[in-house]
Amino acid sequence: MSRTKTHSQLISAIADLNEELALNLIRERLAENDDPLILIANCEKGLQRVGERYARHKYYLSGLIMGGEIFYEVMELIQPAMQDRISGTSSGRVLLGTVEGDIHDLGKNIFKLLLSCYKLTVYDLGVDVPPEEFLRQAKKLQPDILALSGLITKSYDSMRETIRLFRQERYRIPIVIGGSQLSEEVFHYTGADYWVNKADVGVKLCLRLLK
Ligand code: B12
């Protein structure tokens, strides 16, 4: 079967929450040495459709939960291939977390995995992290970059508040925000230094900032 066909099948399998088919397609593509980042991008597209179906009331909350679980299993399969294929030897420390009020962490975890493939040290504070906690940990861990993840509208206020707190305390550090729903407008609203909506672009940005 052609690659393009399986890639579109993979997007549909995730969108339709067909766990068995999605995982079989991933196994098949990995055996064919497909680029893990392309597989992840396809799964992201599938999850976007899950989100659209949820927004149109075609799926309930259980659909979002199921979509998240399938993606988690996909990552278990893809992770070793990613670690084999992507490697680098950089040094630097990134303080990372999903901001207060938001519990989405799949994207944050991919970003973290990619950073560690490049041998960067990642301090992951988890999800729903209050602004004060980011600041407290930054003072303690002295990272080179602060990276904030957020997917829901509510997270933009938390990002803005976190960044405001760092500036108010005159804590100088490059601040990157990431998440699929971000836009130029949100970026200006939060006052961040950089924004990205793809983990691999975020990693390249961090490597550049650390040079
Ligand atoms: C799966 C999912 C969930 C799962 C999350 C599971 C988990 N462990 O993360 C669960 C079921 C928990 C969930 C809950 C909710 N969700 Co939800 N969810 C999704 C869904 C379908 C996929 C998100 C996802 O994981 N995508 C895959 C990952 C890999 O993509 P990503 O996160 O964007 O990450 C990529 C990049 O953005 C980037 N990245 C991400 N973070 C960072 C950070 C940095 C620094 C960098 C550099 C890069 C980076 O790297 C990744 C790889 O490239 C989205 C739909 C969508 N379009 O995104 C809705 C969506 C985000 N959810 C939504 C909503 C409404 C909710 C709920 C409020 C629902 C409810 N009624 O309870 C709750 C929120 C709870 C809360 N307080 O946070 C809305 C948000 C709308 C809005 N504008 O606010 C969306 C857009 C769906 C929709 N269309 O309505 N959700």
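Two residues are in contact if their C-beta atoms, placed from the backbone, lie within 7 Å. With that in hand, welcome to this predicted model, where local features need pLDDT of at least 70, side-chain atom pairs count only at pLDDT 80 or more, and totals for chains, interfaces and linings use all residues. Residues are numbered from 1 along each chain as its sequence is written.

**The sheet**
- Five strands form an open sheet in the order S2-S1-S3-S4-S5, with parallel pairing (strands are DSSP runs of E, at least two residues, and helices are runs of H or I, at least four, both numbered from the N terminus; strands pair if DSSP finds at least two bridges between them).
- Strands S2 (121-124) and S5 (194-196) are at the edges with a single partner strand each, so one side of each lacks a neighbour in the sheet.
- From one strand to the next, the twist averages 25° (axes are lines fitted to C-alpha atoms, for helices over the stretch in contact, and angles run from 0 to 180 degrees between N-to-C directions).
- S1 (residues 93-98) and S3 (residues 145-149) run parallel and are joined by five bridges; Leu96 stands opposite Ala147 in S3.

**Helices across the sheet**
- Helix H9 (residues 199-210) lies across S1, S3, S4 and S5, at about 150° to S5.
- Helix H5 (residues 106-117) lies across S1, S2, S3 and S4 (175-178), at about 170° to S1.

**The two domains**
- Domain 1 covers 3-85 and domain 2 covers 93-210, with bounds from an automatic or database domain assignment.
- Eight residues of domain 1 are in contact with five residues of domain 2.
- On the side of domain 1 that touches domain 2, H4 gives the largest share, six residues.
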